[in-house]
Amino acid sequence: MQTAGNMEKVLHKRRPKYTREQIYENIELYLIMLPVLILIFMMCYLPLYGLLIAFQDYTPGMAIFSLTENIRWVGLKHFVNFINGKYFVRLITNTILLSLYNLIFGFWVPIVFALLLNEVRHMKFKKFVQTASYLPYFISAVVVAGMVLSFIDMSGIVNKIIVLFGGTATPLNTSPSAFPVIYTITNVWKSFGWNSILYLSTMSSIDPALYESARLDGANRFKQMWYVTLPSILPTIAIMLIMAVGGILGSNTDLILLLYNTATYPTADVIGTYIYRVGLEGGQFSYTAAVGIFSSVINFALVFGANFISNKLTNYGLF
Amino acid sequence: MTHKNRIREGSRLADVIIYAVLIIICLVTLYPMYYVFILSISDPLEAASMKIYLYPKGLYLNSYKMLFQDNSLWRSYLNTIVYVVSDTVLMLITCCLCAYPLTCKKLIGRKFLTIFLLIPMYFSGGLIPTYLVMTKLGLYNNIWAMIVPSAINVWNIILCHTYFRSIPEDMREAAKIDGARHIQILTQIYLPLAKPILAVIAIYTVVGVWNDWFRPMVYLPNEALQPLQLYLRRVLVQQNVDFSQVSAEAAEAMARQKLSNLQIRYSMIIFTTLPIIFVYPFFQKYFVKGVMLGSLKG
């Protein structure tokens, strides 16, 4: 055995590693990919390298890294500034609270919706409800925000209804206490149908024999739902929950940017919007790059934490 | 399916409750859009009193007529179409070009390339470094800022790659023996076979680019280059386009018709969202497929 192995090694050494034909073929293949590889490098890797500015005092026009030019390295100064800054507590609180509301009020809606829809036997009705529930997902965030802002206006439909029930009209779009409610409702409305797709498809692959045996054991409809359907979608629920927890610091910046205004900053300003405002509009590139790194690191920790807990409790995890 | 349903017969009451809840959910999702629609076509006087809830009162389409005369709306519509078409075509090209070579077992350095593709999926530079890179590349305030970055998506490349891998290798070998080059194999054998996955990627790209407003807001300060969503943002969210100030003619028309800004805004919502509303039910199976594929990979 050993001699055979040695022989092979010797032979291998004598032969060039790749034949000429193979090299030509590889050149051909690499030429096909080359434009894409360059694009990925430019669009994904250069920004990663640009993160270096978080540890410098960068001003536009300066080199991000160079051996000849003088670069003002400042270490963790920007991170410390952010943590000691006067907006730190407000930003973290708002970011976590808005995501938490979203999780508490939004996470179970798609599951309940899917469970109910799964019980519908009238196929046309089921299809219609399902299609209708996807609609908000396809409407652009700008249009959704525009609709919401006009509804909560002083003369909008929401205030009309409040007055109809004997309340007094309030300027909801400038009220900080109303913002989390408005944001959460909008977010849940926009995404619940879409988020139910995975649950519904998992349910449709449940073995009908399970229901049959449950019925033979005397389980009614609700019990079948509770003891057959729900356990079958538990892995999906666990994975969606981990992903949702991972996104806690990455709240829906898009929608907030469209819905908030100076009056609602106390409850609406989150890390994402802060980076946009201070970084792009205020030009503090280094500082906001550091804020960005800070929030991604915490996000990573949260995903790992949630995954660990889920693995321990349910035996299901992402990794 | 019918078999399963027959087994699971339950009480009438449960049925009634389930249907009632689902109908309410349906109303909640559809009503806001319907409300916007009926208000946009109602008689201006009725609309001003804001007492329209269930059905339109009167029929006035003049707000739509005014929209059609707004040049910047048409220009931004055209910009959006240009961006959507070019992004989708480029996205499909980059996906195929990158996914095909990775399926060749003979490719040297395949492991390294896979890692090269996976890193951007988990780490990104974030808003500010990306902005600086785009500026340094000269893409700021340039239509290419809308086209180059969104023409590439590592996730889509991986979807495409997974699909390509399911095509038997023998087919490629046979074509090679017949003297075909790799690019010919890709365009003439793989491309026609990969239509289902390309449809999924194309549809996601179309909707993504159509609805994108954040990227153009950051990179395109020039209003002549801005897509529809940014125009909508100026009108609907910032509310700094007052139609009565656009032109004396429009102001006169508005006064004559007693049209409110609100009604015009609502007409605009309907006018710009209608294409998507009519199209998405027909394409939803592709979206559902995309969600499924995504979950399998994740």
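A: Let's start with contact: two residues are in contact if their C-beta atoms, placed from the backbone, lie within 7 Å. This is a predicted model, in which local features need pLDDT of at least 70 and side-chain atom pairs count only at pLDDT 80 or more, while totals for chains, interfaces and linings use all residues. Residues are numbered from 1 along each chain as its sequence is written, and chains are lettered from A in the order in which they are written.

Q: How many residues of chain B are in contact with chain A?

A: Here 71 residues of chain B are in contact with 70 residues of chain A. Helix 17 (residues 261-297) of chain B supplies the largest share of the chain B side, 14 residues; helices are DSSP runs (H or I, at least four residues), numbered from the N terminus.

Q: Now helix 11 of chain B: which of its residues are buried?

A: A residue is buried if 20 or more other C-beta atoms lie within 10 Å of its own, exposed if 12 or fewer, and partly exposed in between. In helix 11 of chain B, the buried ones are B:Ile185, B:Leu186 and B:Tyr190. They sit on the same side of the helix, because their arc around the axis is only 95°, taken from the directions from the helix axis to the C-beta atoms. The face turned away from that buried side carries the exposed residues B:Gln188 and B:Pro192.

Q: What do the buried residues of helix 11 of chain B pack against?

A: Their partners are helix 5 (71-102), helix 9 (154-165) and helix 10 (169-177) of chain B.

Methods:
Helices (H or I, at least four residues) and strands (E, at least two) are DSSP runs, numbered from the N terminus.
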